[in-house]
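I opened this notebook to keep track of what I looked up. The entries follow the order in which I went through the topics.

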Amino acid sequence: MTERKRSKPAPVPKPPPRPWRRVAFSFSKEREASAAEREREVTKGLEAIYLTDGAKDDLKTLAPAKRNRALRLFGWIVGFCAVASGLAWAGLWYVGAGSSREASGIRISIEGPATIGLGREESFVIAWSNTSIQPERDVELRVSVPSEMLVSSVSPLPDDPQQITWKLGLVSPGAKGEIRLKGVFLGTLGTQTAIQAVATSRDDNDRAREALVTHAIAYGETVLVGTFDRPAKVVAGDEVTIRYAVSNRGEQGLRGLRARLSLPEGFTVAATGTGLDTTADGRVTEWPLGDLAAGTTNTVSVTGVFAAGSSGDVALEAAVGVSRPDGSFLPLLATNGSVTVLAGDLGLRLVANGTDKDATVTPGDPLRITIQYKNLSPEPLSGVRLRLGFESIVDGASATGTSLLDWSELDDEGGGTTTTRTRVQTIVYDKDAMPALARLEPQEEGTFDLSIPTRAIPENGKDAFVRLMLEGSMDRVGDDRSTRVIRTAPLAFRYRTDAALDAEARYFTEEGAPIGAGPLPPQAGKTTTYRVFWRVAKSLHPLEELRVSAALPASVAFGAVTSVEAGAFSYDEASRTVTWTLNRMPEGVNELEVWFDVQLTPTEFDVGRFAQLLGETRFIAKDPVVNEQVVRALPPLSSDLQTDEGARNKGVVRKP
């Protein structure tokens, strides 16, 4: 083994020069005591931190001290409240930014009765105040009252009397006031209404704010009292007077009152007090009561007879009220009563055109009348006379000297005696005309018919109707003389519109100028153009929802619309139908016309005959006066143009 040679160790370098300086130390007992005191203070501080209730915390568990948990809980509560408060303010800002009207700081209230008496002055107090902590700007207070309230006083006076509005302007916090309102209500007993107050304002952010309050009101009583004065029983045919007394038991007078009486079925008016107005159907009468002072009574009356056939308990209805600006009637009081009607000695029944009620008739159509009579008395009736009256009424007035009936065409089965020169034209039937009327035994009855055509309304007339009246009398009932007159309820036959449709095809005008084109007479395989005229004419009543239509035959094509005076004209290719429509034809418009072209191309099958130009023409409209539909129809038009002098006898289709 070869022995390794050991190398010499490297020389150790000298250490670098030391950076510190030499310091000299000395010892002192005072310094040692001061150091010990500082050590004790540090120890106390550490114990204050790490000791809880005198015990040392176990630092190995890393569990916080109890006081730290309380501090953290407190911190969580404070943080949650801060977040909730922030969300609340954000929500308010969002809602406020998206809403144009908020609840106002102005508070309003209405004090007054909830149930009031019609015709009695009532008082209300509208109180307002600013309950917010900021002023309200541009404050306006508006009070809305029912239309049937007659305001008698307002304090303070409104800035806008029409709208009952006060401009309060800037209202500071805590400011308040009140408005006193008085008035008389003229509503309908048993109904409800309300008074409403609205306050509008703006806040400091210029946002619109509003407050609203409603005070409901019930019409529970009235100061008016109405009573009927009439016989408990009345015989049909006997004259009876019905009185209606109206008393004002309030403390204020009432103005502009009217009394309204709904006439019983079968009651015919013979006489009334002054100022009577009757509705168009003759079933409702009105009297002006005028001013009715407190504690006073006014009475109105109507005299008439119950028609033959009336019997049993008949209802009476009356009302007292005022007229609205639109003409409608506003009742303050309604009164109901009844009267017992006993059957008379002679029973009569009048029927015309199949009805014993009011109806309509087309001018020119006849009135077909049936008269029935019967002895209802246990005694025989002697010397019976029947009188049938006709009254022609044009534009609301009895047409003296003018008749809507064609007396030359009267067909009278009873053979009565006519009188046609008076305002009410009559036919009288007695024992000379009908021997059976000389004496009617108990329960004996009879029937006969007659017919008379109506005539057209006179020129410039706008409305018309014929009124029929039948009455009967007798000389004796048994051995007793009788002056009783029995009447039936009158019948009114109102004229329907006289609207007529005319359809005509032409090749030449009336002056002879051509308005058509193509061969005349028409030839098979070649096209001839004709012009069709539609005319609607009337003198009675306006018309609504007018429609005229017709279908084109297979060999006819639609040409063009030449003229439409009013309305709209159309052609439907699918149904091959031409149609003319109008919304309305006013009362003052008496005639309208439209014309259009059609193109006829006959086929071989048409040779030797007239070719059809237009199918059946139908006219439909509504008569609003009688509330009935108007329907007219005309036969198809052909190439036989009899009204066209230049094309007459040139309508048969020829071969080319």
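**Entry 1: aromatic pairs**

How many aromatic pairs does the count come to? I noted 15 aromatic pairs. The model I am reading is a predicted one.

I looked up F533 and W595, which form a tilted aromatic pair. Their centres are 5.6 Å apart, and the angle between the planes is 40°. F533 belongs to strand β40 (residues 528-537) and W595 to strand β45 (residues 591-600), so this pair ties together parts that are 62 residues apart in sequence. Buried or exposed, I asked of F533? F533 counts as buried, at 11% relative accessibility. W595 is buried too, with a relative accessible area of 19%; the cut-off for buried is under 20%.

I then turned to F558 and F596, an aromatic pair that is tilted, with 6.3 Å centre to centre and 35° between the planes. F558 lies in strand β42 (residues 556-564) and F596 in strand β45, so the pair ties together parts that are 38 residues apart in sequence. For F596 I wrote down 0% relative accessibility, which counts as buried. I also found F558 and F596 in one aromatic cluster with W534, F569 and Y571.

**Entry 2: a charge over a ring**

Which ring does the charged end of R260 sit over? I found that of F329, with the charged end 4.4 Å from the ring centre.

**Entry 3: an open sheet**

I traced an open sheet of five strands, in the order β43-β44-β41-β47-β48, with antiparallel pairing. Which strands stand at the edges? They are β43 (568-572) and β48 (628-634); each has a single partner strand, so one side of each is left without a neighbour in the sheet. From one strand to the next, the twist averages 15°.

I followed β48 to its partner, β47 (residues 617-623), and noted seven bridges between them in the antiparallel sense. T617 has L634 of β48 as its bridge partner.

**Entry 4: nonpolar cores**

I looked up the largest nonpolar core, which has 40 residues. Those with the most contacts inside it are I369, I371, L386, F390 and L468. Among the elements that give two or more residues to this core, I listed β23 (346-352), β25 (366-375), β27 (385-394) and β34 (464-473). In general, nonpolar side chains tend to be buried together in soluble globular proteins.

What is L468 in contact with, leaving aside its neighbours within four places in sequence? I wrote down L350, A352, L367, I369, G389, F390, P490, L491 and F493.

Another core, of 37 residues, lies apart from the largest one. Among its residues I noted V578, L614, F619 and A647.

**Entry 5: S473**

S473 lies in strand β34. I recorded a relative accessibility of 16% for S473, so this residue counts as buried. With neighbours within four places in sequence left aside, S473 is in contact with L346, G383, V384, R385 and R484.

**Entry 6: K167**

I ended on K167, in strand β9 (residues 165-171). Is K167 buried or exposed? K167 is exposed, at a relative accessible area of 54%. From C-alpha to C-alpha, K167 and E140 are 4.6 Å apart in space, and in sequence they are 27 residues apart. Leaving aside neighbours within four places in sequence, I listed V139, E140 and D159 as the contacts of K167.

Note on methods: Residues are numbered from 1 along each chain as its sequence is written. This is a predicted model: local features need pLDDT of at least 70, side-chain atom pairs count only at pLDDT 80 or more; totals for chains, interfaces and linings use all residues. Side-chain values use heavy atoms; hydrogens and water are left out. Two strands pair if DSSP finds at least two bridges between them. Helices (H or I, at least four residues) and strands (E, at least two) are DSSP runs, numbered from the N terminus. Axes are lines fitted to C-alpha atoms, for helices over the stretch in contact, and angles run from 0 to 180 degrees between N-to-C directions. A nonpolar core is a set of buried Ala, Val, Leu, Ile, Met, Phe, Trp, Tyr and Cys residues joined through side-chain atoms within 4.5 Å. Buried means under 20% relative accessible area, exposed over 50%, partly exposed in between (1.4 Å probe, protein chains only). Contact means heavy atoms within 4.5 Å. Rings of Phe, Tyr and Trp (its six-membered ring) pair if their centres lie within 6.5 Å; planes under 30 degrees apart count as stacked, over 60 as edge-to-face and the rest as tilted. A charge sits over a ring if NZ of Lys or CZ of Arg is within 6 Å of the ring centre and within 35 degrees of the ring normal.
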